[in-house]
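Thanks for coming, everyone. Please look at the structure on the screen, and I will walk you through it.

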Amino acid sequence: MDLYSGYINQLIEEFAKLPGVGNKSAQRLALHIINMPKEHVEHFANVMTEAKNHIHYCKSCYTLTDQELCPICANQGRDHTTIMVVENIRDLAAYEKTGKYEGVYHVLHGAISPMLGIGPNDIKLKELVKRLEEDVKEVIIATNSSLEGETTAMYISKLIKPTGVKVTRIASGVPVGGDLECIDEMTLLRALEGRTEL
Ligand code: ZN
C-alpha cells in the first residue's frame with residue numbers, strides 16, 4: 001500500500017490487526033483518526049492506555065474490572081449461591097443482557113481442547129473449585145456446545161460432583177458450535193430455563 005506515507009500506513013496496519021477489521025475498514029478508521037481534532041486523538045489514546053493500566057480480573061469471577069470485585073460480584077442483591085460458568089467475557093455479557101439471570105458468574109477464559117493443547121490447568125478451573133468452599137448451591141455450566149465446550153462441561157461435572165454441589169448444564173437447544181454471544185436472548189433464556197442436572 002504505497003498510496004499513503006509511512007505514518008498513515010502504520011496506523012492502517014495497526015487497525016487491520018484488530019478482530020473483524022478488514023483492510024478497507026482499517027483505512028477508513030485511520031483516515032478518521034487523522035481528521036479528528038488533536039485533543040480528541042490524545043484523549044482516545046489516553047483512554048486506551050488508562051484502561052489497559054487499570055483493568056484486571058475480578059478477584060472472584062475473573063471477568064474484567066477496575067475494582068477488586070466486578071459490579072456483579074459486588075452486588076449483594078444477586079444470588080451468590082448460584083454460579084454460571086462461561087467460557088469468556090462475551091458469553092457473560094450475552095447472559096447479562098437478558099436481564100433475567102440473578103446469580104453470579106465464573107469466567108474460564110477458554111475451554112479444554114486437547115487438539116490445541118489447552119488443558120484444565122490452562123483455564124480458570126482451580127479458581128472455580130476454590131469458590132465452592134463458600135456457600136454454593138448450584139453450578140450452571142454454560143460453556144458452548146462445541147466439542148471443546150462439551151469436553152469442558154464433562155470435566156467440570158466430574159470435578160464438582162464429589163463436593164455435593166448441584167451441577168446443571170444449559171439445554172442443548174443452542175446450535176452445535178454456536179457461539180453463545182451470537183444467539184438471541186430468547187434462545188439463551190430457554191437454554192437456561194431448560195437446564196438439566198448432570
Ligand atoms: Zn466478579
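Start at T143. Leaving aside its neighbours within four places in sequence, T143 is in contact with V85, E87, L108, G149, T152, A153, R169 and I170. Contact here means heavy atoms within 4.5 Å. T143 sits in the loop between β5 and α7. Helices (H or I, at least four residues) and strands (E, at least two) are DSSP runs, numbered from the N terminus.

Is T143 buried or exposed? It is buried, with a relative accessible area of 1%. The cut-offs are these: buried is under 20% relative accessible area, exposed is over 50%, and partly exposed is in between, with a 1.4 Å probe and protein chains only.

A word on the source. This is a predicted model, where local features need pLDDT of at least 70 and side-chain atom pairs count only at pLDDT 80 or more, while totals for chains, interfaces and linings use all residues. Residues are numbered from 1 along each chain as its sequence is written, and side-chain values use heavy atoms, with hydrogens and water left out.

Now step back to the whole protein. It has eight helices and seven strands. Along its principal axes, the C-alpha trace spans about 65 × 35 × 35 Å. Of the 198 residues, 39% are buried. Take the contacts between residues at least 6 apart in sequence: 55% of them join residues at least 24 apart.

Next, the inside. In soluble globular proteins, nonpolar side chains tend to be buried together. A nonpolar core, for us, is a set of buried Ala, Val, Leu, Ile, Met, Phe, Trp, Tyr and Cys residues joined through side-chain atoms within 4.5 Å. The largest one here holds 36 residues. Which of them touch the most other members? They are M84, Y95, V139, I156 and I160. The elements that give two or more residues to this core are α4 (71-74), β3 (79-86), α5 (89-98), β4 (103-107), α6 (125-131), β5 (138-141), α7 (147-160) and α8 (185-193). The largest share, four residues, comes from β3.

Look at I160. Beyond its neighbours within four places in sequence, I160 is in contact with L128, L132, V139, V165 and V167. Another core lies apart from the largest one. It has nine residues, among them F15, A26, A30 and M36.

F15 takes us to helix α1, residues 6-16. The buried residues of α1 are I8, N9, I12 and F15. Seen down the axis, they fall within an arc of 125 degrees, so they line one face of the helix. That arc is taken from the directions from the helix axis to the C-beta atoms. What covers these buried residues includes α2 (23-35). On the other side of α1, Y7 and E13 are exposed.

Now the metal. Which residues coordinate the zinc ion? C58, C61, C70 and C73 do, each through SG, at 2.3 Å. Donors are N, O and S atoms within 2.8 Å of the metal (3.2 Å for Na, K and Ca); water is not among the atoms, so sites may look incomplete. Along the chain, the donors follow the spacing C-x2-C-x8-C-x2-C. C61 lies in the loop between β1 (56-57) and β2 (64-65), and C73 in helix α4, so the pair ties together parts that are 12 residues apart in sequence. Both C61 and C73 are buried. The site is tetrahedral, with angles of 105 to 118 degrees among the four donor atoms. Four donors count as tetrahedral if all angles lie between 85 and 135 degrees.

The backbone has points to note too. Most residues other than glycine have a negative phi. Y62, in the loop between β1 and β2, has a positive phi, near 70 degrees. Y62 counts as buried, at 18% relative accessibility. H109 has a positive phi as well, near 60 degrees. H109 lies in the loop between β4 and α6 and is partly exposed, with a relative accessible area of 27%.

Last stop: A171. It lies in the loop between β6 (166-169) and α8. At 21% relative accessibility, A171 counts as partly exposed. Not counting residues up to four places away in sequence, A171 touches R190, A191, G194 and R195. A171 and A45 are 126 residues apart in sequence and 43 Å apart in space, C-alpha to C-alpha.

Conventions
Four donors count as tetrahedral if all angles lie between 85 and 135 degrees; four count as square planar and six as octahedral if opposite donors are over 155 degrees apart and all others between 65 and 115; anything else is irregular.
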